[in-house]
Amino acid sequence: MNENTAQTRTMGSRRTDYMKKKIYKFWFCTGSQDLYGEECLAKVAEHSRMIVDALNTGGNLPFEVVLKPTLITGEMIRSVFNDANADEECAGAITWMHTFSPAKSWIAGLQECRKPLLHLHTQFNREIPYDTIDMDFMNENQSAHGDREFGHIFSRLNLERKVIVGHWSDDAVQEKIASWMRTAVGVIESRHVRVMRVADNMRNVAVTEGDKVEAQIRFGWEVDAYPINEVAAEVDAVSKGAVDALVEEYYSQYEILPDGRDEKEFRRHVAEQAAMEIGFEKFLTERDYHAIVTHFGDLGSLRQLPGLAIQRLMEKGYGFGAEGDWKTAAMVRIMKLMTQDVKDAKGTSFFEDYTYNLVPGKEGILQAHMLEVCPSVSDGPVSIRVQPLSMGEREDPARLVFTSKTGPGVAVSLIDLGKRFRLIINSVDCKKTEKPMPKLPVATAFWTPRPSLAVGAEAWILAGGAHHTAFSYDLTAEQMCDWADAMGIEAVVIDQDTTIRRLKNELRWNSLYY
């Protein structure tokens, strides 16, 4: 095996290991007390085991549920939650009160718990056994009683939790649990996100700026800057063999549209992006970064603005934000982690609002960017094109060109208001454009914000939303709102129920609260 081949294989192996899905588990914690005797506690334990078995075999949950011993004392509760804190595989706890569990016993444990919590308000039996019910049954099966005591102490302690109500065997309930699990993973992973900034923010732009120290305190993000030429040196060091091998991969995977260019010249432009993909990823992995931002105003010795290279890195799971937008880069990374292994996933990407269609009945926003849209959202063929780009004053960059899928999705913008962060969440409907756009050599999406373009755009502007978004077909507004709640930040949801009057009042109330 020659040196060039070795470098290609090593990088490929590193990429696979680095971005692979982490194996998370969720602990099932049942509350009770010893007031009703050992026979009752044995039934409580058996019922909990049956519920956990059903959750694990129901086919709806993306992660395993692990049964913990029935919790009946404050010391047991505290010990379990501290063990959860220390267990890196534990992404959260599902709590349920089978009988009455005095809530003062939970205070210390809940105060010390640092993992996401779901309060599953269910009961073992679906129906009241009208013919046989007696006081023994009532004492054993009083989740309607115990869960209210448990819920009270959460509110008294002012702690964040997710509440799901319904019978544990119902698919709808299990699907809600599954949805929360993905949010919980987003919360856990947020504490490990590291963003590499290549150069600085775009000059004089407000919305991509922010308090990076407060972001690390609040979200756990580490945001570091590197001089562009340190990264460019890594690109220049990539061997010709590694570049040629990756270019061959490109040519086998994508449609090649030379647009009349000389074939050798076209291939050379594509090879520049291949070198950047390999060089950037080596720089990222060796320094343990999960997201990257670039800025077209500071390209150093790079010969092109990174386009195809960034698109490919996003597809592998890295977050990205343009013009130094580290907040969006981190959100793209988190949302990609939240959607790993979603069945029939449609994709997650960075996007930017560009231009409107204001024709009545056909309203929408054309989404794109100069180059960097993730091909995970593509619908149909993906092509490589090399076209001029006025920004950056470099040679024409190669990029992947495609149109995005249709269907519902969610677009989010994390903004820094100076004294706090706000996550703006908009449910949108992606559609096909009325006509093709043959002269626009970038990847695009077209969506209409809910409840309409007029209301959605006005609400977005009133809330202070950015022109950059982290977008996903595979997440919901509820999941992103739950993530914001878990992070202790303001969430503003714009959806089919939004009215401008209510939104203005909500913003006023939030300003007082936060």
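This is a predicted model: local features need pLDDT of at least 70, side-chain atom pairs count only at pLDDT 80 or more; totals for chains, interfaces and linings use all residues.
Three strands make up an open sheet with mixed pairing, and their order is β8-β13-β14. The edges are formed by β8, residues 255-256, and β14, residues 398-404, each of which pairs on one side only. Strand β13, which covers residues 378-386, runs parallel to β8 and is joined to β8 by two bridges. Within this pairing, glutamate 255 stands opposite serine 383 of β13.

Helix α11, residues 263-286, lies across β8, β13 and β14 and runs at about 110° to β13. Helix α12, residues 308-316, also packs on the sheet, where α12 touches β13 and β14 and its direction makes about 55° with that of β14.

## Nonpolar cores

In soluble globular proteins, nonpolar side chains tend to be buried together. In this model the largest nonpolar core has 96 residues, and those with the most contacts inside that core are Trp221, Leu423, Met480 and Trp483.

The surroundings of tryptophan 483 can be listed in some detail. When neighbours within four places in sequence are left aside, tryptophan 483 is in contact with Thr183, Gly186, Val187, Ser190, Phe219, Trp221, Met331, Ile334, Leu423 and Ile489. Two of these partners, Trp221 and Leu423, are also named among the residues with the most contacts inside the largest core.

## Helix α7

Helix α7 spans residues 171-190, and its 20 residues reach 29 Å from the first C-alpha to the last, which is close to the 28 Å expected at 1.5 Å a residue. The helix is mostly covered, with 15 of the 20 residues in α7 being buried.

## Salt bridges

The count of salt bridges in the model comes to 32. One of them joins the side chains of lysine 43 and glutamate 140, with an N to O distance of 3.7 Å. This pair links distant parts of the chain, since lysine 43 belongs to helix α2 (residues 38-57) and glutamate 140 to helix α5 (residues 135-140), 97 residues apart.

Lysine 362, at 39% relative accessibility, counts as partly exposed, and glutamate 434 is exposed, with a relative accessible area of 56%. Elsewhere, salt bridges that share partners join Glu249, Glu277, Glu281, Arg312 and Lys316 into one network.

Glutamate 265 forms a salt bridge with arginine 261, and the closest N and O atoms of that pair are 3.0 Å apart. Glutamate 265 counts as partly exposed, because its relative accessibility is 31%.

Most residues other than glycine have a negative phi, and most peptide bonds are trans. Aspartate 259 has a positive phi of about 55° although it is not a glycine, and this residue is placed in the loop between β8 and α11. With a relative accessible area of 41%, aspartate 259 is partly exposed. Aspartate 341, likewise not a glycine, has a positive phi of about 65° and is found in the loop between α13 (326-338) and β11. Because its relative accessibility is 59%, aspartate 341 counts as exposed.

The peptide bond that leads from arginine 450 to proline 451 is cis, with omega near 0°. Proline 451 has its place in the loop between β17 and α14, the latter covering residues 453-463.

How values were computed:
Residues are numbered from 1 along each chain as its sequence is written. Side-chain values use heavy atoms; hydrogens and water are left out. Two strands pair if DSSP finds at least two bridges between them. Helices (H or I, at least four residues) and strands (E, at least two) are DSSP runs, numbered from the N terminus. Contact means heavy atoms within 4.5 Å. Axes are lines fitted to C-alpha atoms, for helices over the stretch in contact, and angles run from 0 to 180 degrees between N-to-C directions. A salt bridge is a side-chain nitrogen of Lys or Arg within 4 Å of a carboxyl oxygen of Asp or Glu. Buried means under 20% relative accessible area, exposed over 50%, partly exposed in between (1.4 Å probe, protein chains only). A nonpolar core is a set of buried Ala, Val, Leu, Ile, Met, Phe, Trp, Tyr and Cys residues joined through side-chain atoms within 4.5 Å. The expected span of a helix is 1.5 Å times one less than its number of residues.
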